[in-house]
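Student: I'd like a close look at a single part of this model. Could you pick one residue and walk me through its surroundings?

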Amino acid sequence: MQRIGVFVCWCGSNIAGTVDVQAVSEALKNEPGVVFSTNYQYMCSQAGQNIIKDAIAEHKLTGIVVCSCSPRMHEATFRKTAAAAGLNPYMVEIANIREQCSWVHKDMLTGTEKAIILGKAAVAKVNLNTPLTAGESPVTKRALVIGGGIAGIQTALDIADAGFPVDIVEKKPTIGGKMAQLDKTFPTLDCAACILTPKMVDVAQNENIRIFSYSEVTEVKGFVGNFDVTIKKHARFVKEDICTGCGACTEKCPMKKVPNEFNLGMDNRSAIYIPFAQAVPKVATIDPNYCNMLKKGKCGLCAKVCAAGAIDYTQKDEYISEKYGAIVVATGFNPISMDKFDEFAYNQSKDVITSLEFERLTNAAGPTAGKLVRPSDGKHPHTIVFVQCVGSRCSACAEKGKEYCSKICCMYTAKHAMLTRDKYPDTEVYVFYIDVRTPGKNFDEFYRRAVEEFGVNYIKGMVGKVTPEGDKLKVQASDLIANKQLHIDADLVVLAAAIEPDKSARPLATMLTASMDTNDFFTEAHPKLRPVESPTAGVFLSGACQGPKDIPETVSQAGAAASKVIGLLAKDKLTGNPCVAHSNELMCNGCSSCERVCPYGAISYEDKEFRMPDRTTKIRRVAVVNPAVCQGCGACTVACPSGAMDLKGFASAQIIAEVDAICK
Amino acid sequence: MQVKEYKPLIVAFCCNWCSYAGADLAGNNRLAYPADVKIIRVPCSCRVNPMFVLRAFQRGADGVIICGCHPGDCHYTSGNYYTRRRMAALFSMLDYLGIEKERTRVEWVSAAEGAKFAATMNDFAEKVAALGENKRLEDLRCKK
């Protein structure tokens with residue numbers, strides 16, 4: 001018989017406001033096995049934990065029930081408390097009477113009733129708990145970073161600096177990501193390339209870092225500390241280790257009419273190309289969709305001019321298998337497509353562009369060498385209209401845009417407006433906004449400079465329609481403060497498109513079994529306390545894959561993710577989850593039902609010798625679970641026809657006891 | 001004599017990774033649903049043995065709902081697919097035995113769908129309450 005202690009938490013007034021905690025602790029006193037029951041204001045506090053520790057010693061408790069917040073919040077805390085008092089941590093059960101009771105029920109009577117029932121269910125379960133010990137597994141001391149933007153670069157550099165090997169997998173031919181495409185960065189107006197490219201070089205030169213560019217992750221198996229990852233290296237038809245990046249091939253390539261994705265299609269590149277001058281790795285890549293040699297077998301010019309002999313038209317996709325201890329997701333973001341926003345005439349006029357295109361137009365390495373001109377006729381624009389929140393905060397138009405705020409647009413639009421007025425003081429600049437959001441160090445000062453010092457016309461209101469007419473763009477908009485309609489003849493319209501997670505994130509989340517929110521941003525293990533960890537152990541989040549972020553935030557999150565990875569890789573052994581399946585070999589008849597449903601291949605079969613009642617021995621085939629591989633889902637327990645398979649910590653008897661307690 | 005208002009008894013099995021977290025989120029956002037819903041945490045919806053569902057009905061539950069991650073999002077890769085198949089078979093058998101289809105449900109609720117969790121529970125509790133008490137499988141020997 002267990003000796004159970006019940007500890008009911010008030011959580012200040014969070015629980016005590018709708019649950020009579022005194023009544024709950026009184027009611028649970030008479031439950032089978034309960035020898036002690038009390039309540040306290042904050043069970044998770046030092047004082048509260050001491051009450052638990054003292055009670056364990058004084059009443060020789062063998063199990064405890066804490067009626068408090070969600071086990072997702074403080075189960076670990078109370079398990080540690082129990083362990084500190086010498087009790088097996090798995091003899092602790094939590095009755096969730098906050099998130100799933102006091103916070104969702106308004107009435108004291110029903111709240112208290114339900115809390116008592118939840119408490120009884122937890123007591124019934126603890127009565128059947130058995131002490132569990134976690135097994136240990138070794139840690140592969142190598143990290144994988146998926147995505148080579150500023151988030152991935154910073155994470156990889158920080159992990160490598162701590163002495164652990166890191167691999168970066170980047171789907172584009174070069175690392176650098178979105179930041180490489182930017183011109184200046186707010187609020188300091190540093191040139192993006194000047195602060196990013198040295199970091200890219202650091203990555204290339206760091207002996208702890210390997211870059212798999214033009215590659216993607218195709219399969220992830222295993223678990224924290226022991227991931228088995230397959231990486232597909234796309235054929236770039238150039239031998240990476242031989243190519244010197246001289247660029248002779250790109251000059252000689254006759255196929256020069258390929259839209260240049262680095263400049264968002266605003267100019268062309270050749271079929272064999274190096275994305276930009278500072279690319280890392282600086283090697284050429286042949287675009288198989290445009291190369292005449294690969295498509296028709298005619299040409300071969302690049303092979304002729306390549307002095308190093310790096311061109312290899314027969315190169316095939318390569319699959320690499322590698323083991324990792326931790327995985328960092330840094331897949332970043334993309335601006336949303338403007339196809340559904342007909343009102344802004346994005347597809348009708350070349351002079352309606354997105355902010356990222358504007359960024360390339362003003363970049364010295366961009367298609368116009370930094371000269372701000374209209375893409376249609378190359379003339380200098382005299383009136384520019386910036387439209388904010390195109391697709392952001394779009395709750396009424398969810399099929400077109402996004403409900404959330406994209407966070408970075410207010411600041412980069414202020415930057416664009418300011419830089420335009422600075423370089424071309426004769427230009428009229430209008431910014432249409434819903435709200436200007438500038439929460440960040442020196443952000444509001446920056447925005448106010450744009451208005452006060454640079455004379456940018458900020459108008460509260462949305463643009464209703466943009467109509468191309470002759471060489472002008474007629475902009476109809478409303479000024480909500482002056483309460484009037486505006487008509488502006490603009491030369492250039494710049495749309496601050498909402499940002500969304502990269503399309504590769506969804507299939508990746510499925511591979512990693514990491515959860516995502518409804519917008520396909522990765523969810524963090526706890527929104528406040530564990531912001532860089534995914535709920536899936538060993539998977540960490542860096543940058544905009546978790547939510548819209550600017551560069552300073554991305555870099556700090558990247559560092560945080562790296563420190564979590566370092567903390568994990570610094571361990572030699574990981575304590576596993578002891579709540580794993582186990583088979584009762586006396587009941588198992590070796591039918592293989594469990595093996596077939598196990599997603600991890602954790603079940604194998606052994607021939608074992610059994611003594612029969614008539615004193616003879618018989619050899620039977622029985623299932624054996626590898627506790628280091630089992631993740632404890634319980635699929636096998638239900639598949640087992642003889643009831644031999646059970647799950648520690650969530651045993652059938654325990655769950656039935658809970659059902660019984662609830663249905664009493 | 002005061003007539004006691006009929007309150008259905010609903011057992012909800014929630015997987016630890018998505019639906020249980022979704023229920024917590026409903027709590028964080030203070031989205032109310034009937035207190036008749038009592039949640040049992042399981043590691044994965046595929047841990048729910050049809051026996052548990054039968055047991056609940058036997059012990060007097062009026063409705064049983066099983067919540068898991070969305071198809072494709074299972075923390076254990078494929079658990080919820082097993083749940084879907086097992087429960088489809090079980091529920092059609094229960095229907096045959098006279099436990100109306102409205103008393104049983106499998107729903108996918110992600111960790112981000114607190115609102116969906118509350119809405120699902122409100123809807124389910126309402127439907128079960130409309131059917132009234134479940135007498136079909138109840139084992140009267142279990143009642144004291």
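Tutor: Let's take A:Val217, which counts as buried because it has 21 C-beta neighbours inside 10 Å. (Buried means 20 or more other C-beta atoms within 10 Å of a residue's own, exposed means 12 or fewer, and partly exposed is in between; the C-beta atoms are placed from the backbone.) Keep in mind that this is a predicted model, where local features need pLDDT of at least 70, side-chain atom pairs count only at pLDDT 80 or more, and totals for chains, interfaces and linings use all residues. Residues are numbered from 1 along each chain as its sequence is written, while chains are lettered from A and ligands numbered from 1 in the order in which they are written.

A:Val217 sits in strand β11 of chain A, residues 215–223. Strands here are DSSP runs of E with at least two residues, helices are runs of H or I with at least four, and both are numbered from the N terminus. Leaving aside residues up to four places away in sequence, A:Val217 touches A:Ile146, A:Val169, A:Val229, A:Ile231, A:Leu508 and A:Met511. Touching means that the C-beta atoms, placed from the backbone, lie within 7 Å. There's also A:Ile320: 103 residues from A:Val217 in sequence, but 9.5 Å away in space, C-alpha to C-alpha.

Now for a sheet in chain A. Its five strands form an open sheet in the order β10-β7-β6-β18-β29, with parallel pairing. Two strands pair if DSSP finds at least two bridges between them. At the edges are β10 (209–212) and β29 (539–541) of chain A, each pairing on one side only. From one strand to the next, the twist averages 20°. Strand β7 of chain A, residues 166–169, runs parallel to β10(A) and is joined to it by four bridges. Within that region, A:Ile168 stands opposite A:Ile211 in β10(A).

What lies across β6, β18 and β29 of chain A? That's helix α15 of chain A, residues 551–569, running at about 170° to β18(A). Such angles go from 0 to 180 degrees between N-to-C directions, with axes being lines fitted to C-alpha atoms, for helices over the stretch in contact.

Terms used:
Two residues are in contact if their C-beta atoms, placed from the backbone, lie within 7 Å.
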